[in-house]
Every structure is written in structure tokens, then in C-alpha cells.
Amino acid sequence: MSMSVLGVLLDSCSVPHYIFKAAIQEDTLLVPKENLKGVQSLILRNRELPYDILVVKYEGNYTALQMLCTHNDVALSFAGNKLICNGHGSEFDLQGKVLREPAARQLTSYRTSIERDNLVIHLKG
Ligand code: FES
């Protein structure tokens, strides 16, 4: 499995985060735990996925959210403590809950687990 860190540190927010280029392996994305040290949020990207996935560490657990607006499937932008849709202005918190309509449904989330030395994002349940 080949993975590499793009190491792009975005400066538009208060929380440090990276874009991590991860390969899909059997309907999962793997993130080596060493890439999570000291990081509160991480954007996962793969050319096979039509959207990014935001991983957020919250109270010791990891949440993985599809960065796609539930109003009309527009890609979301990370803005530090929330996700913003440039389509019609919806906003979501980092747990995927709607902060601002017109989106009515929370973001799609993925189950996560720690297996060996990796954080695993389960793309199919
Ligand atoms: S597509 Fe996101 S608010 Fe309409």
C-alpha cells in the first residue's frame, strides 16, 4: 500500500491539519498512527473518491466525515472549527451536525477503528 503525506499545512484556520493522500485497500482507508501525532484534524484524499474525508480527533476518538454537503452534493471547505458549503451557505460542525441551513441532514460519517499501527476508516459500514 502506498501512501504519502502531501504535507500541505493550510493556514486558513486555527487548528493545524494536513491533507493526507491515502490509498484505498478493500473498502478502507488506512492512516498510520504516526501521522496523527499532535494533529487534531486531517483531510484524507484519494483520486478514486469524488470527495475528501475529514478525520477529527474528539475526546480521544476519531470521527470521519464525508466532506460533501447534504443539501446538493457540493464539496465542503474546512474552516477551522466548521465546514462550509459555498453552494448555498450551509455550515456543519466537526461532528457533522448542521449549524446553518438550507442543508437539513447531518454529514455522512464513517466508522473508524484502530488496528495495529493504523487508524482505519471503513468506507462501507
Ligand atoms: S449545496 Fe450546500 S448549501 Fe446547497
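Predicted model: local features only at pLDDT ≥ 70, side-chain atom pairs only at ≥ 80, totals over all residues.
View 1. Valine 31 has leucine 119 as its bridge partner in S13. Residues are numbered from 1 along each chain as its sequence is written. Local features need pLDDT of at least 70 and side-chain atom pairs count only at pLDDT 80 or more, whereas totals for chains, interfaces and linings use all residues.

**View 2. The hairpin of S12 and S13.** Strand S12 (residues 109–115) also pairs with S13 in the antiparallel sense, over five bridges, and threonine 112 stands opposite isoleucine 121 in S13. Two residues lie between the strands of this hairpin, in which arginine 116 takes a positive phi near 55°.

**View 3. The largest nonpolar core.** This core, a set of buried Ala, Val, Leu, Ile, Met, Phe, Trp, Tyr and Cys residues joined through C-beta atoms within 7 Å, has 26 residues, and those with the most contacts inside it include Val31, Leu44 and Ile53. Strands that each supply at least two residues of the core include S4 (28–32), S6 (53–58) and S13 (118–122), and S6 gives the most, with four residues. A residue is buried if 20 or more other C-beta atoms, placed from the backbone, lie within 10 Å of its own.

**View 4. Surroundings of isoleucine 53.** Not counting residues up to four places away in sequence, isoleucine 53 touches Leu29, Leu44, Ala64, Leu65, Gln66, Met67, Tyr110 and Ile121, contact meaning C-beta atoms, placed from the backbone, within 7 Å.

Key: Buried ≥ 20, exposed ≤ 12 C-beta atoms within 10 Å, placed from the backbone. Contact = placed C-beta atoms within 7 Å. Pairing = 2+ DSSP bridges.
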